[in-house]
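Hi,

Here is the structure I promised to pass on to you.

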Amino acid sequence: MSEAAGSSLIPLQGVTGEELRAAVCGLAIEDARRIIAQVHRDESPAAPSSAIRRSAREAVLARSYVPKLELVAERKSSVDAFVKYALRTHDGHVVETVRIPLEVPGRFVVCVSSQVGCALGCTFCATGRMGLTRNLETWEIVEQVRVVKRGVTSGRIHGVVFQGMGEPMANLDRVLGAIRVMSEPSALAIDARNITVCTAGLPSGIRRLAVEAPKVRLGLSLASGRREVRRSLMPIDRAHDLREVLTAAAEHVAVTGLAPMWAVTLLHGVNDTVDDARALADEVLAFRAKTGKNPRVTVIPYNAIEVGAEGQADPFARSPDAREQTFRDTLSERGVFTHKRYSGGSDVAAACGQLAARS
Ligand code: SF4
């Protein structure tokens, strides 16, 4: 359970019914669940309800509150149905959340942030350039989904992907807490099988996710199957190299039975050669032989990072279409299933790797 910094009150949208029951002396589980359901319907927990005992409500109100993230900007893409939200925390930081439309009309996935900034410094990522300010609290992660949900007037939230600002495995206590709330029927009621946690590669977090959230999918941001290229793009590789990350991912498969999603952001002249594709295919085939699962490789076109006020030029460029196609064909020829991420929302800097670019 998480609480807002400096407060001993329980943020009601950051706990499950069971966690609320455990925190409030004498509270019955049915009352706890009904109060949580009320909060997630955006009703005040103080609003009377014949289904909730008055003494239970008063006990909860004395110990809790419903904090908010301030919506400071909502930018709708003019070319697709992406929406990016900028949300201000109580201590003045801005985090970003993206509503991603699925191919099925009226279904959306929410890309949530788990930290303000990120310490891992992947060179192709706007958030990585910010450094880490702090972890988000459980309620601050859940609240991002609630903000998006309020804007969905027809349709529904199908799933959540932890691929916004921050490395979720570096804030795993709160991320796991948020997953519990998101998937609880009396709270957000999102099927845990439609939640994906993406990591740059923290093996201990991968193992813990498998045990504590076995229905949740794992996403791996690999950058390259070539060791020296991956290391040049992702500083975390010096602490946990590809071998170690894929060993943990294989253990994740053994516990959950779920094939992980692998993602590669293609950078022109850096990781988009035929040799890069072959090296990646070799890793996929070795993983398949070891686990019996065939990871799908999501190829993400690079989205330019806006040049900062300090005048840093973007060191990377998007791989041309023909080169990207050759990369994917090379993988396919070796039996590796690939998928191109439609990386929409780039006109509002909501595309992959762009979060924080304009905050
Ligand atoms: S890609 Fe993910 S882990 Fe890497 S710097 Fe960006 S937010 Fe952090």
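Start with H5 and helix H6 (residues 203-212): their axes come within 11 Å and cross at roughly 25°. Angles under 35 degrees count as roughly parallel, so that is what we call H5 and H6. Bear in mind while you look that this is a predicted model. The crossing of H5 past H6 is right-handed. On the H5 side, the contact is made by Leu172, Asp173, Leu176 and Ile179, and on the H6 side by Gly205, Arg208, Leu209 and Glu212. Sorted by class, that contact has 4 nonpolar, 1 polar and 3 charged residues.

Now follow H6 to its contact with helix H8 (residues 242-256). These two pack at an angle of about 5°, and their axes are 9 Å apart. With an angle like that, H6 is therefore roughly parallel to H8. H6 brings Pro203, Ile206, Arg207, Leu209, Ala210 and Val211 to the contact, while H8 brings a list that includes Glu244, Val245, Ala248, His252 and Val255. The class count here is 9 nonpolar, 3 polar and 3 charged residues.

Next, go back to H5 and look at its contact with H4. How do these two helices cross? The axes of H4 (residues 138-151) and H5 (residues 172-183) come within 8 Å, at a crossing angle of roughly 45°, which means that H4 is oblique to H5. This crossing is right-handed. Thr138, Ile141, Val142 and Val145 are the H4 residues here, and they meet Arg174, Val175, Gly177, Ala178, Val181 and Met182 in H5. That contact has 7 nonpolar, 2 polar and 1 charged residues.

Which residues are around it? They are Cys118, Leu120, Gly121, Cys122, Cys125, Gly128, Gly166, Glu167 and Ala200. By class, this shell divides into 5 nonpolar, 3 polar and 1 charged.

Finally, zoom out to the whole protein. The domain assignment gives domain 1 (10-65) and domain 2 (70-348). Their centres, taken over C-alpha atoms, are separated by 34 Å. The two domains do touch: 13 residues of domain 1 are in contact with 13 residues of domain 2.

Methods
Residues are numbered from 1 along each chain as its sequence is written. This is a predicted model: local features need pLDDT of at least 70, side-chain atom pairs count only at pLDDT 80 or more; totals for chains, interfaces and linings use all residues. Side-chain values use heavy atoms; hydrogens and water are left out. Axes are lines fitted to C-alpha atoms, for helices over the stretch in contact, and angles run from 0 to 180 degrees between N-to-C directions. Helices (H or I, at least four residues) and strands (E, at least two) are DSSP runs, numbered from the N terminus. Angles under 35 degrees count as roughly parallel, over 145 as roughly antiparallel, 65 to 115 as roughly perpendicular and the rest as oblique. A crossing is left-handed if the near helix is turned anticlockwise from the far one by less than a right angle, and right-handed if clockwise. Contact means heavy atoms within 4.5 Å. Ala, Val, Leu, Ile, Met, Phe, Trp, Tyr, Cys and Pro count as nonpolar, Asp, Glu, Lys and Arg as charged, and the others, Gly among them, as polar. A residue is near a molecule or strand if one of its heavy atoms lies within 4 Å of it. Domain bounds come from an automatic or database domain assignment.
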